[in-house]
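Work through these exercises with the structure open beside you. Try each task before reading its solution.

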Amino acid sequence: MFTPLGLFGAIQCPRGRDCTLLKCIFSHDNNPTPAEARRSKISVSGDDGPPSKRAKVENSQLLGSLIPSHSLKESSLEMGRRSSKSVASEQNQNTQDTPGAQETAQPTSNHGTPKPLGNEPVKRTNTSSAGSSSELPPRKAPKESLNPRMLAHAPATHGSRTAILQKLHSAMTALNEKLRKDKHSSNRCFVLTPDELITMALDEEEKFARDSPSVYGNVVKLRIVRVTKMGIDEWAKEVMSHLNARYYKINPVQKPRAIPRPINTGLTPAEEIAVVSQLVTPLTGLEEHGYVTKQPTDADIETAKRGVDESKGWEKCDRCGQRFQVFPGRREDGTLASGGYCDYHPGRPVYPQRKKTDHVTGPSQPYFPCCSEALGTSTGCTRAKTHVFKVSETKRLASVLQFQTTPPQPEKGPLEPVSIDCEMGYTTLGLELIRLTAVSWPKGDDLLDVLVRPMGEVLDLNTRFSGVTPQHYASASPYGTPMSNIHSSLGDEKNKIHPPLQLVQSPAEARNLLLKLLQPETPLIGHAIDNDLNACRIIHPTVIDTVLLYPHPKGLPIRISLKALVQRHLGRDIQVGDNGHDSKEDSVATGDLVRVKVGEKWKELKKKGQKIEGGKLVCPDGQGSALTSSWTTVQKRKPSR
């Protein structure tokens, strides 16, 4: 005879009210309440007869239901020693709603919130970090004991797993009780029932046993230490992630959109161009941080090529650190890279700030913001089809495509500053340029926005950050196609508002299009512009980098992200959503950050007595700035493409 395992829980009992089984496998949702059942039995058997066995059991359940579930303060060790049957029966008593309990206190659902009577749907107004008002389905944790789940290949003995599970459950129970007692916390809706706590502990222990069997003991111990040191807010986030995965999707906190602050420099666009020359940063001396100031020699390029040939395609994965082999041109079986799938964390680890209590409890463990896993406890929360690599060495970059210095174009005269942003994807040749965007500064008008066909075979378009998908390439038109032809081929109005990008056939062609917009003295603006220039293989002498304008307190190579800078100084949210970055949005935001610095710089210059006359910066002695004198004749026109 097989064990029912709740298979008939949704079927009404055939005997209905006449069923006298203590643990019936069928549903009794429509049966009368225990008080009604007692009254009906008394009326049948007579007033003087003794109460039936069923009534005695129901009386004991009635007494048990008067005890709220949060008054149970049993240790995980005691629960582990009990049998599955005893734990399930006590949890049933703590969670069952009876008329007697309704008279003393309003019953609660598994959410820790008042449970509506009858068959009304559970509605909960969530004012916590889970989001605004929402209607969530009731969750029902399975009836399980604190006993490790059976695995085909267990990483440890049953006794060891049980001891570890009990410690993990004990740490979770302590945090759950802290959250329950904190009446002022907005996260009290995440208080778990005893069943849910057991399920959460079992889920985590099973995950570690399956994913990290070779280091199971160390991983779980680190997890227990981290849970022990958690605060209430961090625990609420952990619970929310668990509920997301097991029961339903809770929308994360939706912070109010920042209100963009207007940029008022007090200058005209021509005057801003005159002042921006004071923000140009020489790159000499910054070569160790990735800035290229001169072309590698032919001997350097030959050395790099020889090194690549001798390595036979072996590289280090840029995401997980594993060694793998890459096959440019594909191997005989069509494979581009070895090593199979790549498991990694897309976000960088976060190191919590030190607290005054660290000398007692120890410092908080660093964790990954993408999945809240502690550093070193898992191989990764995201899986990619292949491993990827990045080339940073200048001479090896030049061995693929040589760098080019911005050539002079005297026939075009002075050109207005340009703000750029590049998106890169992984290929069999490393991290290559796949999209190039340039806008004018300070107005932000479109100058260039193209997709780029890389030289190597694509391993990963890095869509999470680049925003470029295979559909972009599929719908792209060749560069130079008239816009009238593109609009006529688009039937969807949405596509007409955002037409497909145009495609150039190589990074060298994209570089030539960008160089047409530049003179050697034209300010080129970007955030971490060394990455953009290296992807385009350009050496430009006049650079304004917002990484250098807004340096990190600890200095290079640590850099403040563009998203953080824009939110802090412009009150604007960029790079939101799951569609990756938008290079046009980033290039405009970078230019606006420079405008903020121009306004600050102009205030300093005015205090020193400098003026702007005829669109150029004039020093107190009447001498014009050498860098800005060539920009006084900037035409109010867009450069020809």
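This is a predicted model: local features need pLDDT of at least 70, side-chain atom pairs count only at pLDDT 80 or more; totals for chains, interfaces and linings use all residues.

**Exercise 1. Describe the protein chain as a whole: its elements, its buried share and its contacts.**

Step 1. Count the elements. The chain has 23 helices and 16 strands.

Step 2. Take the buried share. Of the 641 residues, 41% are buried.

Step 3. Turn to contacts with a separation of 6 or more. Residues 24 or more positions apart account for 66% of them.

**Exercise 2. Determine how far helix α19 is covered, and examine the residues on either side of it.**

Step 1. Alanine 528 lies in the loop between β12 (524-526) and α19. Its phi is positive, near 50 degrees, and the residue is not glycine. Most residues other than glycine have a negative phi. Alanine 528 counts as buried, at 9% relative accessibility.

Step 2. Go through the helix, residues 529-536. Seven of its eight residues are buried, so α19 is largely enclosed by the rest of the structure. The buried ones are Ile529, Asp530, Asp532, Leu533, Asn534, Ala535 and Cys536.

Step 3. Arginine 537 follows α19, and its phi is positive, near 60 degrees.

**Exercise 3. Locate leucine 397 and find what it touches.**

Step 1. Leucine 397 is part of helix α13, residues 394-400.

Step 2. Its relative accessible area is 8%, so leucine 397 is buried.

Step 3. Skip residues up to four places away in sequence. Leucine 397 then touches Val391, Ser392, Phe403, Asn534 and Arg537. Asn534 is one of the buried residues of α19, and Arg537 comes after that helix.

Step 4. Compare sequence and space. Proline 296 is 101 residues from leucine 397 along the chain, yet their C-alpha atoms are separated by 9.4 Å.

**Exercise 4. Follow the chain from serine 440 to the cis peptide bond, then find another cis bond.**

Step 1. Serine 440 belongs to strand β7, residues 430-440. At a relative accessible area of 4%, serine 440 is buried.

Step 2. List its contacts, leaving out residues up to four places away. Serine 440 touches Glu416, Pro417, Asp445 and Leu447.

Step 3. Tryptophan 441 and proline 442 are joined by a cis peptide bond, with omega about 10 degrees. Proline 442 is in the loop between β7 and β8 (446-452).

Step 4. Now go to leucine 556. Its peptide bond to proline 557 is cis, with omega near 10 degrees. Proline 557 lies in the loop between α20 (546-549) and α21 (562-569). Most peptide bonds are trans.

**Exercise 5. Identify the residues and elements of the largest nonpolar core.**

Step 1. This core has 33 residues, and those touching the most other members are Met172, Phe190, Val227, Trp235 and Val239.

Step 2. The elements giving two or more residues to it are α6 (158-181), α7, α8 (216-228) and α9 (232-246).

Step 3. A second, separate core has 28 residues, among them Ala438, Leu514, Leu518 and Cys536.

Step 4. Take α7, residues 194-211. Its 18 residues reach 26 Å from first C-alpha to last, close to the 26 Å expected. Of these residues, 14 are buried.

Step 5. Take tryptophan 235. Beyond four places in sequence, it touches Met172, Leu175, Asn176, Leu179, Leu197, Met200 and Met230.

**Exercise 6. Describe the second largest cavity by volume and lining.**

Step 1. The model has five cavities of 30 Å³ or more.

Step 2. Sort the lining by type. One residue is nonpolar, two are polar and three are charged.

How values were computed
Residues are numbered from 1 along each chain as its sequence is written. Side-chain values use heavy atoms; hydrogens and water are left out. On a 1 Å grid over the protein atoms alone, a cavity is a set of points where a 1.4 Å probe fits but cannot get out, and a pocket is an open set with protein on both sides within 12 Å along at least five of seven lines; lining residues have an atom within 4 Å of a point. Grid points are joined across faces, edges and corners, and a volume is the space filled by probe spheres set on the points. Ala, Val, Leu, Ile, Met, Phe, Trp, Tyr, Cys and Pro count as nonpolar, Asp, Glu, Lys and Arg as charged, and the others, Gly among them, as polar. Helices (H or I, at least four residues) and strands (E, at least two) are DSSP runs, numbered from the N terminus. The expected span of a helix is 1.5 Å times one less than its number of residues. Buried means under 20% relative accessible area, exposed over 50%, partly exposed in between (1.4 Å probe, protein chains only). A nonpolar core is a set of buried Ala, Val, Leu, Ile, Met, Phe, Trp, Tyr and Cys residues joined through side-chain atoms within 4.5 Å. Contact means heavy atoms within 4.5 Å.
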